[in-house]
Amino acid sequence: MGPSADSLLLVGILAGATVCWVGYRVSRTPAQPGRRWFIVFTAVLGGGCLITGTIAIVPSLLGRPSAQSLWAGWTNLPLLLWLLSTLPWFLFALQYTGTRTRLRRRTILLIGLPHLLFIGQIALNELYEFGSSSTLLYGLGSAAFIYITLLAAGGSYLLLQKSYAYEYLPLGQGAGLAVTMVGTLVIWNTVGMAPETATTTQAGAYAGGGGVAALALGAALLRYDLFEATPSVGTLGDRALTRETDDLMFVTDGDGRVVRINETAVDTLETARSDAIGSRLSEVLDHDRATLQRSETVAVQTTDGTRRYDPQVTAVRDHRDTRLGTMLSLRDVTDRELREQRLAVLNRVLRHNLRNETDVLKSHAEALEPVESDHVDAISDSADAIAALGQRANRIDRYVSESPDDVAVDLGDLVDTVLGTVGADRADVSVSTDTPASATLVTNRLALQSALESALDNAVAYAESAVDVVVEARPDGYAISVTDDGPGIPEWELDSLETGTESPLEHSTGLGLWQLKWAVMTLNGELSFETGDGTTVEFIVPDRADAATVRS
C-alpha cells in the first residue's frame with residue numbers, strides 16, 4: 001500500500017481505539033439498563049476496526065509489498081464485524097430505551113440465530129465453491145442479512161423515537177447513536193461489496209466508517225450525557241403510571257370499545273383482559289363515557305362490593321386534533337366520601353347543639369347569680385368559650401369548604417377591623433401597626449381575615465406589654481408579621497402543626513393555631529414562627545389578581 005493508504009489505515013485504527021475508549025468510559029459509570037450490551041457493542045465494533053486496520057497495514061510496515069495478496073480479504077472484515085455488532089447493538093437499544101429491560105438467554109439466542117446462519121454461509125463460501133446447488137444456502141444467507149440490517153434499523157428507530165418523545169433527553173443523543181450504525185453500514189458495505197475498488201479508496205472508506213462511529217459515539221457520551229440521562233426511566237415510568245396506580249384506567253376507541261385496560265382494573269372488576277378488550281365500556285363498567293363525563297362520582301361493582309369512584313375523562317387526539325378515542329381514569333373515593341359526609345353531619349349537629357346547650361347553661365347561670373356569683377361567672381365564661389369555639393369551627397368550615405370568590409382587599413383597613421374585634425384596646429397592652437400607604441391585593445377575604453384574627457387574638461391575649469403588626473410588600477404579594485413579648489408558643493404545639501396530628505397526651509389549647517394554619521393554606525401562602533424572645537408569626541399572602549375573577 002502507498003503512504004496515503006497507510007495514513008488512512010492509521011486514522012481507522014485511531015477511530016477503533018476511540019470507540020473502545022467510549023466503551024471503557026461507559027464501563028466506569030453506575031449500572032444502567034443496556035450498559036453491558038453497549039460495552040459489548042463497542043468492543044466488537046471498535047475491536048473490529050483495530051483488527052482490520054492492523055491486518056491491512058502490517059505488510060506495508062514489514063516492507064513486504066508482495067505479501068499484500070495474503071491480506072486481500074481485509075476489505076470484508078469491517079462489514080462482517082459490523083454485522084456481528086448488530087446483536088449487542090439491538091439488545092442495548094431494547095434495554096437502554098426501557099422497551100425490554102429483562103432479556104433471557106433463550107431470547108438472546110433466538111435474536112442472534114440468523115447471525116450464526118449468515119456467518120456459516122460466509123465460512124462455507126470461503127471453504128468451498130458452491131454452484132447452482134447453493135441457491136438455498138444463498139437465499140437463507142440473504143434473508144439473514146436483511147434480518148440483521150433490520151435489527152440495526154430497529155435499534156436506531158427506538159433510540160431516535162425515545163429521544164424525541166421525552167423532552168428531558170437531548171435529541172442529539174439518539175441521533176448520534178443512530179448515525180453510528182447507519183453511517184458505518186453505508187460506508188463499510190461499499191468497502192465489503194467492492195473488492196475491485198482501488199486500495200486507497202478502500203482504506204479511505206474504512207477510515208471514514210470508523211471515524212463516523214468514533215465521532216458519533218464520542219458526541220453521545222461527552223456532549224449528550226450518554227447513560228446520565230436515559231430514556232429507560234421515562235419508559236418504565238410511563239408503564240408504572242398505568243400498571244402501579246390504584247386507579248382503574250381504560251382506553252376506548254371512537255365506538256366506545258375498550259382497547260387498553262390496566263392491571264388494577266382487571267383485578268378490581270374481576271374480569272379477564274381478553275374479555276374486556278373489544279367489549280363496550282358499558283359492558284365492562286356498567287357506565288358509558290357520557291355518564292362518566294357528567295357525573296362527579298359513580299357506583300361501581302367490584303370484588304370488594306359496591307365502591308364509589310371519581311371519573312376523569314380525557315380525549316385521545318392525533319396531531320390534526322381529530323378525536324380517536326378516550327382515556328378514562330377512575331379513582332376510588334368511597335372512604336373520602338364517607339369521611340366528608342361524616343364530618344359534615346357531625347359539624348352541623350355539634351354547632352347546633354353547642355349553641356343550644358350554651359344558651360341553656362347561661363340562662364340557668366343567670367337564675368343562680370344572686371346566690372353564687374363566683375360560680376355563676378365561671379359557668380358563664382365557660383359557656384361563652386364553648387360558643388366561641390363553635391363559631392370558630394363554623395368560620396373554618398366556611399373558608400375551607402365553601403371556597404368563596406377572591407376579592408380586592410385593603411390590608412390596612414382589614415388589620416384595623418380585626419384589631420377592633422380581638423380586644424386590642426386592653427389598657428396594659430400597646431399595639432402598633434406599620435402598613436404601606438397602599439396595600440391592596442386580590443385574595444380570599446374570609447380566609448385572610450381568619451388568619452389575622454387567629455394571629456392577633458393570640459398575640460393580644462398572651463402579650464405582656466406590646467404587640468407589633470408589620471405589613472411588607474413582596475414581589476408576589478404581602479408578608480404580614482405579628483410580634484408579641486409574651487411567653488411564646490409551646491414547642492409541642494408547633495410540632496403538632498408541622499406533622500398535622502396531635503399527640504394522644506398533648507392537645508392544643510384550642511382551634512386558634514389550626515385556624516391560622518388552615519387559613520394560610522387556603523390562601524396558598526407560607527407560615528412561619530419564631531419563638532425566641534416572645535413570638536413572631538409571619539405569613540405570606542400571594543396576590544391572585546392575575547388568576548382570580550375579582551368581585552366588586
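The entries below go through strands, loops and surface patches in turn.

**Ground rules.** I am working with a predicted model, in which local features need pLDDT of at least 70 and side-chain atom pairs count only at pLDDT 80 or more, while totals for chains, interfaces and linings use all residues. I number residues from 1 along each chain as its sequence is written, and side-chain values use heavy atoms, with hydrogens and water left out.

**Strands.** I took helices (H or I, at least four residues) and strands (E, at least two) as DSSP runs numbered from the N terminus, and I called two strands paired if DSSP finds at least two bridges between them. Strand β1 (residues 248-253) pairs with strand β5 (residues 323-332) in the antiparallel sense, over six bridges, and within this pairing I found methionine 249 bridged to serine 329 of β5. β1 also runs antiparallel to strand β2 (residues 258-261), to which three bridges join it, and here phenylalanine 250 stands opposite isoleucine 261. β1 and β2 form a hairpin with four residues between them, and glycine 256 in that turn has a positive phi of about 80 degrees.

**Loops.** Phenylalanine 227 has a phi near 70 degrees and lies in the loop between α7 (199-222) and α8 (232-243). Aspartate 286 has a phi near 65 degrees and lies in the loop between α11 (281-285) and α12 (289-294). Is each of them buried or exposed? With buried meaning under 20% relative accessible area, exposed over 50% and partly exposed in between (1.4 Å probe, protein chains only), phenylalanine 227 is buried because its relative accessibility is 4%, whereas aspartate 286 is exposed because its value is 58%.

**Surface patches.** For patches I used residues with over 30% relative accessible area and no salt bridge, joining like charges within 9 Å and nonpolar side chains (Val, Leu, Ile, Met, Phe, Trp, Tyr) within 5 Å; a salt bridge is a side-chain nitrogen of Lys or Arg within 4 Å of a carboxyl oxygen of Asp or Glu. Arg100, Arg102, Arg104 and Arg106 form a positive patch, and of these I placed arginine 106 in helix α4 (residues 105-127), where its relative accessible area of 63% makes it exposed. Trp21, Tyr24 and Leu222 form a nonpolar patch with about 340 Å² of accessible area together, and leucine 222, which belongs to helix α7, is exposed at 53%.

How values were computed: Areas by Shrake-Rupley, 256 points an atom, 1.4 Å probe, with all protein chains shown as cover. Lys, Arg positive; Asp, Glu negative; His and termini not counted. Charge placed at Lys NZ, Arg CZ, Asp CG, Glu CD.
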